[in-house]
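Thanks for making time for this one.

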Amino acid sequence: MTANGLEAVFLANRDRLLRFMRSLVQGDEAEDLLQELWLRAVTADSGPIAKPLSYLYRTAHNLALERYRQAARAQRR
């Protein structure tokens with residue numbers, strides 16, 4: 001099975017995406033979020049994406065932001 005579309009872009013840029021994640025979150029959380037990003041990439045049912053790498057970076061940023069908000073809510077409780 002060969003990767004195509006968004007999966008192929010993810011695989012070709014995995015190291016760059018991981019570095020980006022590490023700039024947003026600490027420790028092993030970057031790997032966790034990268035795994036979540038991968039799952040979204042392979043299950044995406046969105047049709048053609050004009051700028052797939054930009055899409056992956058935006059999704060990665062959104063995942064990190066979501067994780068930050070969850071932690072903030074948990075801390076407030």
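In helix 2, the residues Arg14, Leu17, Leu18, Met21 and Arg22 meet Ala30, Glu31, Leu33, Leu34 and Leu37 of helix 3, where contact means heavy atoms within 4.5 Å. By class, this contact of helix 2 with helix 3 has seven nonpolar, three charged and no polar residues. Helix 2 covers residues 14-24 and helix 3 covers residues 29-43, and their axes come within 9 Å and cross at roughly 130°. That makes helix 2 oblique to helix 3, given that angles under 35 degrees count as roughly parallel, over 145 as roughly antiparallel, 65 to 115 as roughly perpendicular and the rest as oblique.

Before going on, a word on where this comes from: the model is predicted, local features need pLDDT of at least 70, side-chain atom pairs count only at pLDDT 80 or more, and totals for chains, interfaces and linings use all residues. Residues are numbered from 1 along each chain as its sequence is written, and side-chain values use heavy atoms, with hydrogens and water left out.

Now to the charged pairs. How many salt bridges does a search of the whole structure find? There are five, a salt bridge being a side-chain nitrogen of Lys or Arg within 4 Å of a carboxyl oxygen of Asp or Glu. One of them joins the side chains of Glu31 and Arg22, at 3.6 Å from N to O, and Glu31 is partly exposed, with a relative accessible area of 32% (buried means under 20%, exposed over 50%, and partly exposed in between, with a 1.4 Å probe and protein chains only).

Another salt bridge pairs Arg67 with Glu29, whose closest N and O atoms are 3.4 Å apart. This pair links distant parts of the chain, since Arg67 is in helix 4 and Glu29 is in helix 3, 38 residues apart. Arg67 is partly exposed at 23% relative accessibility, and Glu29 is partly exposed at 26%.

Within helix 3, the side chains of Glu36 and Arg40 form a salt bridge at 3.6 Å, N to O, and because Glu36 and Arg40 are four residues apart, about one helical turn separates them. Glu29, Glu36, Arg40 and Arg67 are linked in a network of salt bridges.

Technical notes: Axes fitted to C-alpha atoms, helices over the stretch in contact; angles between N-to-C directions. Helix = DSSP H or I, 4+ residues; strand = E, 2+ residues; numbered from the N terminus. Nonpolar A, V, L, I, M, F, W, Y, C, P; charged D, E, K, R; others polar.
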